[in-house]
Protein chains: 2
Amino acid sequence: MAGPAGSRHHRRPARAGAAGHVARRTGLVLDPYFSAPKLRWLRDHVTRDGVVTTLDTWLVHRLCGAFVTDVSTAGRSMLTTLDDATAWDPDLLDLLGLDDEELPAIVASDDVVGTTDVFGPRVPVTGLVVDQQAALLAQGCWDAGTVKCTFGTGAFLLAQTGTDPVRSSSGLTTSPAWRLRDETRFCVDGQVYTAASAVDWLAGLGVLGSAGEVDRVAADDAAGVQFVPALTGLAAPWWQPGATASLTGLRLGTGRGEVVRAVVEGVAASVAHLLEAVRRDGAPVASLRVDGGLTRSRVLVQALADRAQVPVEVHPSAHATPLGAAAAARLGLDQALTPAEALPRVVPSHVVLPTWSHDRAATEQQRWHDAAALVARTERTEHP
Amino acid sequence: MAGPAGSRHHRRPARAGAAGHVARRTGLVLDPYFSAPKLRWLRDHVTRDGVVTTLDTWLVHRLCGAFVTDVSTAGRSMLTTLDDATAWDPDLLDLLGLDDEELPAIVASDDVVGTTDVFGPRVPVTGLVVDQQAALLAQGCWDAGTVKCTFGTGAFLLAQTGTDPVRSSSGLTTSPAWRLRDETRFCVDGQVYTAASAVDWLAGLGVLGSAGEVDRVAADDAAGVQFVPALTGLAAPWWQPGATASLTGLRLGTGRGEVVRAVVEGVAASVAHLLEAVRRDGAPVASLRVDGGLTRSRVLVQALADRAQVPVEVHPSAHATPLGAAAAARLGLDQALTPAEALPRVVPSHVVLPTWSHDRAATEQQRWHDAAALVARTERTEHP
């Protein structure tokens, strides 16, 4: 976007030892996944000119001229604190060498930030919220302890924690879920970078004709094959951006059915591992609500129920995320609505129950975890 | 074959701690790869009746009625010693609980053991030798220190050690190569159970249209992907029959070209690792002679030269093994011939030189070794 560049000096990267400090204050992990390290990198390597900001701010500015971001987006920047999610934190800005940046105002998800006529008649601009938090809203996760996972290219698991920003001791991150009706709700979250993209990757290798064939091709059992879906690194709770994926336990009798099954099981195991972290942090998880394209795979959903040992409720729409943003926008337009009224009641298209015993789930998750721990431990070595 | 069953009692398996004793006396490793543990298993689980023996003995008996095996075959049974390769060893027979077995006479590879008319005119039966030892003969490996590797479904590397049975301290095994003209020659050997079968396995997964496409599909570089070809366990120098194969270092950008390349490099790395063991045992390896179907892949042969850091000489025939047996048979038929005269001089179809520096080869071999060590360490766990 256009805008005056704050004059700034080239700074050294964040101080060593700062990671713990940043984690305690922001709820996040010092990892390139979040915005501030990217911003820092752009300033160090690309340009010191102009304004560098997140995509929502640029888009809203193009729509109506406002220079804003919302609480949930700012909460993923690593530049706000869980204690005051509505303001940029001077200490964090200084730590990351970003105190000369021009920063947008932080608004609530139901604030009307302007009007636009780019779609035809002039309409208000409102309903700003991060994609995964929007899906949490769309899944009707109003109560602390309710959990959803969206399966897009990656898989994103979020658990509502209410108005209390519960700090994870299990490697998950904590962020504002949204700010609506002057109240900030929080969530803990973890992610698997490659879910549908792991299936697409298999199709690219020729193991699968297309992603839609998963349920037809997958064997009943992976026959000992393990897949750790770290094709673009490992996120929570490992935080190893340089990790790579592995297929292990391969035998001469391993066919495409076993490999496809292992990939689906590996994605399910990763998500179940995140849900276990949510449980360890104290949330009484009663069910898991899922949405996104990959939830059309009954094999995946069953594997998830089996490994996570909870009923899995499948959202009726493959597009829950925009429904959540639309709900936030309705709240922006009609101050009389409550959040619960802004969305129709969510009725799952179907609910899948675990078929594995608790012992089998524990054993299988331990096997997958052993494979993942190897991947997390192996340092990435660049090829000459 | 027909034959009276020796009366025998069911015995407990070989005494614990016997492995070192067996290795010192036989040159072999107490592993189900060799004949005696298989024979022991058949007696324990299948039948105590009849005669159980190796395929060569059965076949020769069908051809001419003789009940024999040759020094090289007996040397892979774990029931003869390196000190006396021409006789069954009573101590080993007792140790393995096989002292009541009816055993064939041990002959030389150039002994005429009978005549047969099953192919038409009556001809002598001679030229008994193990397949890999036959290939060693066909490759003209007369001198101590000469080495060949045959690439069939598996890859089998043998190094001639002359009349001295050199004991390996690097996990290789030592066996009689052949007995010709009243002189027993020895060799050390190691094997990769899956070479061409690993390529066929990839084709079965859909990653490759057919095994013949390897050189067309393989990328120039595996881009960090490592393959450990333990699809049916790990042989020398690991001796982990329960190990399974792994594909590691996978990224979203990893395509079939990188996977095919990694599989070929993994096979080459395994063989180079065996050759390094031969070197560590003291053999001054000047070149590596190769034969078998997979040597038609220039990508494989180049990878082998690069990783093993020796010139690789490709045998002109894809079928060196029967040429070696034929040479032994010629020696059986014509007592005036010397072994060198029994085979035409071997002129390689081409010789491939290393293009990698020694440092690069060492680095790449270390990376592969790290991946293999993980596979060797991981215990096989049966799926429930």
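What is the volume of the largest cavity? The largest cavity of this predicted model has a volume of about 100 Å³. In this model, local features need pLDDT of at least 70, side-chain atom pairs count only at pLDDT 80 or more, and totals for chains, interfaces and linings use all residues. Residues are numbered from 1 along each chain as its sequence is written, chains are lettered from A and ligands numbered from 1 in the order in which they are written, and side-chain values use heavy atoms, with hydrogens and water left out.

**View 1. The largest cavity is lined by 15 residues**. A cavity is a set of points on a 1 Å grid over the protein atoms alone where a 1.4 Å probe fits but cannot get out, and lining residues have an atom within 4 Å of a point. Grid points are joined across faces, edges and corners, and a volume is the space filled by probe spheres set on the points. The residues closest to the centre of the largest cavity are A:Q191, A:V192, A:L234, A:A236 and A:S270. At least two lining residues come from each of β8 (183-192) and α9 (256-280) of chain A. Such elements are DSSP runs numbered from the N terminus: helices are H or I with at least four residues, and strands are E with at least two. With three residues, α9(A) gives the most to this lining. Eleven lining residues are nonpolar, four are polar and none is charged. Here Ala, Val, Leu, Ile, Met, Phe, Trp, Tyr, Cys and Pro count as nonpolar, Asp, Glu, Lys and Arg as charged, and the others, Gly among them, as polar.

**View 2. The second largest cavity has a volume of about 90 Å³**. Its lining has 14 residues, and the closest to the centre are B:Q191, B:V192, B:L234, B:W238 and B:S270. In chain B, β8 (183-192) and α9 (256-280) are the elements that give two or more residues to this lining. The most comes from α9(B), with three residues. By class, the lining holds ten nonpolar, four polar and no charged residues.

**View 3. Four strands form an open antiparallel sheet**. The order is β9(A)-β10(A)-β10(B)-β9(B), where two strands pair if DSSP finds at least two bridges between them. The edge strands, each pairing on one side only, are β9 (226-228) of chain A and β9 (226-228) of chain B.

**View 4. β9(B) pairs with β10 (residues 245-250) of chain B over three bridges**. The pairing is antiparallel. B:F227 has B:L247 as its bridge partner in β10(B).

Key: 1 Å grid on protein atoms, 1.4 Å probe; cavity = no way out; pocket = protein on both sides within 12 Å on 5 of 7 lines; lining within 4 Å.
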